[in-house]
Amino acid sequence: MRGATGIGSLPGTDIDEAARVVVGELPELPHVPELPGRGVGADMIGRTAGLLVDLAIEVVTSGYRVNPRPGRDHRRAVDLLRGDLDAFDEALERAGAQPETVKVQAVGPWTLMSNIELMRGHRVLTDPGAVKEFAASLAEGLQQHAAEVAKRTKAKVVVQIDEPGLPAVLQGLLPTPSKLGTVPAVPGPDARNVLAVVIEALKDHEVIVHCCAPHPPFTLLREAGATAISFDATLIKGAEALDEIGETWEAGTTLALGLVPSLDPGVPVALKDVGQRAFMLVDRLGFPRSILAEKALPTPTCGLAGATSTWVKRALALTRDLSSSFLEPPEGW
């Protein structure tokens with residue numbers, strides 16, 4: 001896995017423009033853009049729910065809920081994603097681009113099951129039978145999705161699994177429907193095994209697991225089979241997290257380092273400003289700097305849905321230039 005890439009989301013509602021920007025700014029590893037600003041079915045939960053096989057969702061006042069059959073909300077998610085793939089294909093064709101690798105994103109099983117209710121109102125993850133059913137459905141749906149994108153683009157497909165909610169699941173921080181208590185914490189081995197079911201189904205693809213929490217569960221993600229782990233490198237603090245990052249690199253797992261601000265900081269940002277953090281991390285952990293070229297790729301710190309269109313282009317350009325800096329570090333870094 002080489003080059004620079006984005007996390008997934010972009011601002012606005014114009015998918016053709018979003019695809020054009022991604023293909024233009026990230027030629028080595030472009031990703032199918034996500035535009036959550038379009039509302040229901042375009043947000044990360046609805047979008048992924050549209051990939052589920054033999055499971056359907058609907059929108060209720062509290063959010064997403066399992067539905068016996070596909071309705072309007074489910075069909076909207078499916079239609080939006082199909083249109084996004086068409087726009088991505090067209091952007092590649094117009095640019096005359098034939099990247100070796102492209103990336104797609106979807107929410108992982110734990111974040112998905114945290115944000116969808118069963119018919120009786122409880123979160124899916126509270127029902128062991130439903131957990132098994134959802135994991136299998138998501139695994140099959142992602143497998144089909146990746147295969148379709150590979151067929152369309154004639155490229156290798158990297159699948160990014162977004163798990164921003166996993167730390168809350170592991171720590172028992174999710175409120176119950178009554179808001180008077182919290183859902184019991186899911187034991188680490190159980191969380192790892194369910195995630196591994198989804199990753200194993202994608203064995204023909206490289207899999208990035210993205211978690212933008214201050215301390216992602218690096219060891220769990222690595223042991224679940226992730227090819228790469230994506231995180232906000234600007235949030236990492238403490239010896240424990242640093243040790244886990246070092247162990248992850250030693251195990252041969254690639255790190256997607258979130259380095260470029262996802263929102264315009266309001267002051268000029270130079271390449272060195274965002275890039276030095278990666279080199280300082282490598283130096284502090286005692287690895288040769290060549291590991292950045294071999295086992296790292298730069299990304300924005302998180303999705304760009306809240307950014308201005310001007311900052312999106314600047315952020316992706318900085319990310320792309322960082323990839324070159326990983327290969328050939330500028331003098332003085």
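Two rings of Phe, Tyr or Trp (for Trp, the six-membered ring) are taken as a pair if their centres lie within 6.5 Å, with planes under 30 degrees apart called stacked, over 60 edge-to-face and the rest tilted. The model looked at here is predicted, so local features need pLDDT of at least 70 and side-chain atom pairs count only at pLDDT 80 or more, while totals for chains, interfaces and linings use all residues. Residues are numbered from 1 along each chain as its sequence is written, and side-chain values use heavy atoms, with hydrogens and water left out.

On that ring criterion, the structure holds 4 aromatic pairs. One of them joins phenylalanine 279 and phenylalanine 326: the ring centres sit 6.1 Å apart and the planes make 80 degrees, so the pair is edge-to-face. Helices and strands are DSSP runs numbered from the N terminus (helices are H or I with at least four residues, strands are E with at least two). Phenylalanine 279 belongs to helix 10 (residues 271-285) and phenylalanine 326 to helix 12 (residues 309-327), so this pair ties together parts that are 47 residues apart in sequence. Buried is used for under 20% relative accessible area, exposed for over 50% and partly exposed for anything in between, with a 1.4 Å probe and protein chains only. Phenylalanine 279 comes out as buried at 0% relative accessibility, and phenylalanine 326 is buried too, at 3%.

Phenylalanine 279 also forms an aromatic pair with tryptophan 333, again edge-to-face, at 5.4 Å centre to centre and 85 degrees between the planes. Here the link runs from helix 10 to the segment after helix 12, and the two residues are 54 residues apart. Both phenylalanine 279 and tryptophan 333 are buried. Taken together, ring pairs link Phe279, Phe326 and Trp333 into a cluster.

Helix packing comes next. Axes are lines fitted to C-alpha atoms, for helices over the stretch in contact, and angles run from 0 to 180 degrees between N-to-C directions. The axes of helix 5 (residues 128-153) and helix 7 (residues 188-201) come within 8 Å of each other and cross at roughly 20 degrees. That makes the two helices roughly parallel (under 35 degrees; over 145 is roughly antiparallel, 65 to 115 roughly perpendicular and the rest oblique). With contact meaning heavy atoms within 4.5 Å, helix 5 brings Val131, Ala135, Leu138, Ala139, Leu142 and Gln143, and helix 7 brings Val194, Val197, Val198 and Ala201. By class, this contact has 9 nonpolar, 1 polar and no charged residues (Ala, Val, Leu, Ile, Met, Phe, Trp, Tyr, Cys and Pro count as nonpolar, Asp, Glu, Lys and Arg as charged, and the others, Gly among them, as polar).

The axes of helix 1 (residues 15-25) and helix 12 come within 9 Å and cross at roughly 25 degrees, which makes helix 1 roughly parallel to helix 12. Glu17, Arg20, Val21, Gly24 and Glu25 in helix 1 meet Val312, Lys313, Leu316, Ala317 and Arg320 in helix 12. The residues of this contact split into 4 nonpolar, 1 polar and 5 charged.

Several loop residues are worth a look as well. Leucine 304 sits in the loop between strand 9 (296-300) and helix 12 and is buried, with a relative accessible area of 3%. Leaving aside residues up to four places away in sequence, leucine 304 touches Ser9, Leu10, Pro11, Ser262, Val312, Ala315 and Leu316. Leucine 304 and proline 261 are 43 residues apart in sequence, yet 9.0 Å apart in space, C-alpha to C-alpha. Threonine 253, in the loop between helix 9 (239-250) and strand 8 (254-260), is buried at 5% relative accessible area.

Most residues other than glycine have a negative phi. Aspartate 54, however, has a positive phi near 60 degrees; this residue lies in the loop between helix 2 (44-49) and strand 1 (56-60) and is exposed, at 77% relative accessible area. Lysine 179 likewise has a positive phi, of about 65 degrees, although it is not a glycine. Lysine 179 lies in the loop between helix 6 (166-171) and helix 7, and is exposed with a relative accessible area of 62%.
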